[in-house]
Amino acid sequence: MARTELTLRATSSDAVQLQLMAGTAPINLTPYGTVELWLKDKSGGTSMTDNLTGKLNVNGAAGGSVKWTPGTADLVAGSAPYQGYFRLRVNSTSWLFCPEDSEFTVHVREAY
């Protein structure tokens, strides 16, 4: 992923543009039917959204571009920081993870 940390405001619901990378090159998402975004909050609770039924949209497959549109209740300042990764479905029994060697961090600032 191009960015390893991002900061959003609680209740943010505008699309966030992300680019999935393999080293310094974008991942071509064309061969993957499903792209999933997995997030874990600071207490260990997990959530998943994908490009088929969720809040994730592949909007530039050849360049590894995805848009994530969180709902107004998806990011809570008191539950941050969130750790996340993307899982790309190769087939029913194998996946590619991005980033492979770590998670990215989503910081959430309080809305007042």
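The accessible surface of the chain comes to about 6,200 Å². Carbon and sulfur atoms hold 50% of that area. Accessible areas come from the Shrake-Rupley method with a 1.4 Å probe, and for residues only the protein chains shown count as cover. The model is predicted: local features need pLDDT of at least 70, side-chain atom pairs count only at pLDDT 80 or more, and totals for chains, interfaces and linings use all residues. Residues are numbered from 1 along each chain as its sequence is written, and side-chain values use heavy atoms, with hydrogens and water left out.

The chain has eleven strands and zero helices. Both are DSSP runs numbered from the N terminus: helices are H or I with at least four residues, strands are E with at least two. The radius of gyration is 14 Å, close to the 13 Å that the globule rule gives for 112 residues, so the chain is as compact as a globular protein of that length. That radius is taken over C-alpha atoms, and the globule rule is 2.2 Å times the number of residues to the power 0.38. Along the principal axes, the C-alpha atoms fill a box of roughly 40 × 30 × 25 Å.

Buried residues make up 36% of the 112 residues. Buried means under 20% relative accessible area, exposed over 50%, and partly exposed in between (1.4 Å probe, protein chains only). Contact means heavy atoms within 4.5 Å. Among contacts between residues at least 6 apart in sequence, 60% join residues at least 24 apart.

The largest nonpolar core has 24 residues. Such a core is a set of buried Ala, Val, Leu, Ile, Met, Phe, Trp, Tyr and Cys residues joined through side-chain atoms within 4.5 Å. L20, W68, F86 and V106 have the most contacts inside the core. The elements giving two or more residues to this core are β1, β2, β5, β8, β9 and β11. In soluble globular proteins, nonpolar side chains tend to be buried together. Beyond its neighbours within four places in sequence, W68 is in contact with several residues, including L8, V16, L18, L37, L39, L56 and L75. D14, T49 and K55 are also among the contacts of W68.

Strand pairing was examined next. Two strands pair if DSSP finds at least two bridges between them. An open sheet of three strands runs in the order β2-β8-β7, with antiparallel pairing. β2 and β7 (56-60) stand at the edges with a single partner strand each, so one side of each is left without a neighbour in the sheet. Neighbouring strands of this sheet are turned by 30° against each other on average, direction ignored. The axes behind this angle are lines fitted to C-alpha atoms, for helices over the stretch in contact, and angles run from 0 to 180 degrees between N-to-C directions. Four bridges join β7 to β8. V58 stands opposite V66 in β8.

β5 (residues 35-40) and β6 (residues 46-50) run antiparallel and are joined by five bridges. They form a hairpin with five residues between them. K40 stands opposite T46 in β6. In the turn, G44 has a positive phi of about 100°.

Several loops hold backbone features. T11 has a positive phi of about 75° although it is not a glycine. T11 lies in the loop between β1 (5-9) and β2 (16-19). This residue is partly exposed, with a relative accessible area of 48%. A cis peptide bond joins A80 and P81, with omega about 5°. P81 is in the loop between β8 (65-68) and β9 (82-91). Another cis peptide bond joins C98 and P99, with omega about -10°. P99 is in the loop between β10 (94-98) and β11 (104-109).
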